[in-house]
Amino acid sequence: MKRATLQIGLFTLVIIAGLAFAGFGLDRNELVAIAESGTINRIAPSISMAAGTELAKEYAETKTQAELENLVMNGATAGIRTAARLALSIVYSSKTVVELTALATGDIDPAIRKAATAPLQLFLVEMAADDLYQMAISGATKEIRLAAADMYYLKTRDNLTAASLEVAACSSDSEELEYMAGVYLGGFYLSFNKKTMEQVEALAKSGACAGLKVAGATALTSYLITTGLTVEDLEVAVTEIDPAKYPELLTAYEDALAHAYGS
Amino acid sequence: MKRAIALLSILAMAGLFGIAAVGAGYETQPADARIYDYSTPEWEMPDGSPALENGTRGGTVYVSAISNPRKWNDVTAHETSTTQYTNLMFDGLVDLHPVTGALVPTLAKSWEISEDGGTVTFHLRQGLKWSDGVDFTADDVVFTFNDLIMNPDVETDSRDGMELPDGNYPVVTKIDDYTVEVKLSTIFRPIFNQFTFNIMPKHKLAQYVHKLNPDVPAGTFNEAWGLDTDPAELCGMGPFIVASYQPDQQVVMTRNPYYYVYDTNRTQLPYVDKYVILTVASQDVSLLKFRNGELDGLGIRPSDVPLLKREEAVKDLTVKVGGGVYGTLWVSFNEDYGLTEGDPYKDNLRNLFRDLRFRKAVSHAVDKQSIIDNLYNGLATPQWSFVSTPSPFYAGRDYYGGPVTESNAVTYEYDLAAAAAYLDDIGIVDTNGDGYREFADGSTVEILLETNAGNTLREGFCLILQEDLEAIGLKINFQPVDFNTLVTRLLGGELYQAAVLGLTGGDDPHGGSNVQLSTGGLHFWHYSGAEEPYDIEVRMNELFALGAGTFDNDEAFEYYKEAQILFAEQMLGMVFSVNQASTYSFQNRLGNGYIASPICSPSGNNGLGYDLVYLK
């Protein structure tokens, strides 16, 4: 990836450069600093979120459910909210399917719903594929529909092909099915129907539909991680990408940056 | 073949039973300890996998199983749901090397075979102890074979494997505390596979054997070491011992402090402190838990590969695509079709199937690359032998247990022109211009091709083959049928015409003698060979007898190599297609995870087959 031209102010440049001196991987204090920094959150929320991803385990071990739920909804930065949501998924893993379903479909903060769907999937995976398909279409919330779509494709993976997913990614009975078809398709682009990094990056930016962009972004994340980009490279990249224009591409770089923080 | 890794969790404290009674461990490394030296050629990893390395001790590894154990009694176990645990608790005199698949000494440190082949003398490793600290001696070996396996009161599947070709059984005798003599009435190399049987502790189990303890009724041993046994009563020579068991939840196993295997740093194995096998409802749940990081290793299916490949970098795991699995996939033509019916058309077909040129034509028409690409997504390799690729006797190796080079492979390139030329040479040509060849009497060469319905791989193979055989002028009627129906037709002698099926495989070619011998119960393409064998079948019978009749594995390899080449060149009772690649996945926090292979985990359980994985 060619180094993108920085378009942010000098002050922020100094902060990012300073943080990047740590090279690959950051220690806990550095991650906290990034995740909790209002400045970084304001200027580069993606960086804040990426750092938060890596703090999730610590949050799960040190904060109560109530504290996490509050942080998910009211945390001062994207990093804090991300860390809290991921940590809440861990805490929620001890809940029953009834409790998790209620959370995933309730009239509550979407981030709380999202936190509940991860442990809920262990129950969803036991459902029949047809029932999951229906839930992916008509589930009460976007979060439950997405979780059901994920499990639907997991259950039917023996029959998946790149060709069938390319169709489904652009035309399914729900946005969530299209999205998850894209996610699963990304895996094919890294294995059975391998595409280059350049090809998947182009797809993430300009795929014919959102699902194909998701496919490109999913595969791109792996390439970004394995091609040795530094934390600094990735931090610069996430600030460069227009989130309104290339949301899927941005997600790929955010996920790669989160991984780099934790390496 | 015995090793599967189970994990022990901190939750052992909440288990139904107490922790197994274990001793304090060796004060120093026993002089006769088995040493894993990963720098030696036998440990060289195939398929370009990273080299194994000495690890560090500590931690807990987690895997999963989709069924509870049924007992802790390895001798009477009939199911892998039990043996996946008991194979971790016990060890045999010999075992398969986890990389090469060759037989290597384990509890026996060496053996000698008398010149006449009638006596095998095992020298046991000295100074070893059971996990409870009691000395391991020849008494345990003699007890296992004479009082358990060959005891008619004991319900064990192992006894059949001990029977020699002449109907006798080995006579196992203690010579001294560390020497066991096995007398054989005939040389039978495969008997060595029986010495992989797990050795049982006499001091714990003799009490349940009526012939040793008349106070208990005959058959008492069959109920010994059930799931209600206090783990403190269990002991073994394997790397782990059951610490606790929670039905439908988990089995927790702890390190055996007297395990006799060390690495070159003098670190005692196993490296991990605990193994936990989580009981889960399905393979889907296993996959989900693995993705969530709750499991350290998993045997996966090819269809799992794309899903895990997209998470490989993000979640720091490895998807390993290795060598082949045990088993074969083939198409076979019935050389006895209509043998006794006197039907001219069936006679035509039978004579065609019996013509080696026809089977060579089919060999050239099997588009293996298409099968690999379209049915296996690239996760397979061309197959040419009836011996499974993981076997140390596979002729794709240059010597017993050697790396696979395929220097001996008999290959038939996908070449429809060459296939057609063979058919032309036979004299079946398209005389009426309808696109199909006819016999001399003008009847169309029309073949019924069957496979078991619902097996998408086999059905796919049939469709590809049908297209190619029709392209060279053979009319193929493809018919998927119920599996049991197909088996009945296959074993019926004269019933089937052509069938696509698969056979299981194993380490020792002798295990396939029921297929390869002209008198074999599964010699389905030519059952009449039992009475009137072809010359080539006579030679195959000889080679199998020679292979079983020498204890020299290198010599046996040469016999089986000749058999495999002969079969591929001159018999082709089965035209092989492709061999699926083995697929595993493990978290990168696990060192030596690349050991996972069908040799280590023949049932595909867990993916991690041995005692040398460690947590980084």
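**Where chain A meets chain B**

In this predicted model, A:Tyr184, A:Gly186, A:Gly187 and A:Phe188 of helix 12 of chain A meet B:Pro306, B:Leu307, B:Lys309 and B:Arg310 of helix 7 of chain B. Contact here takes C-beta atoms, placed from the backbone, within 7 Å, and helices are DSSP runs of H or I with at least four residues, strands runs of E with at least two, numbered from the N terminus. Sorted by type, the residues of this contact are four nonpolar, two polar and two charged. Nonpolar covers Ala, Val, Leu, Ile, Met, Phe, Trp, Tyr, Cys and Pro, charged covers Asp, Glu, Lys and Arg, and the others, Gly among them, are polar.

Zooming out, 23 residues of chain A touch 17 residues of chain B. On the chain A side, helix 14 gives the largest share, six residues. That side splits into nine nonpolar, nine polar and five charged residues.

A note on conventions: residues are numbered from 1 along each chain as its sequence is written, while chains are lettered from A and ligands numbered from 1 in the order in which they are written. Local features need pLDDT of at least 70 and side-chain atom pairs count only at pLDDT 80 or more, but totals for chains, interfaces and linings use all residues.

Conventions. Two residues are in contact if their C-beta atoms, placed from the backbone, lie within 7 Å.
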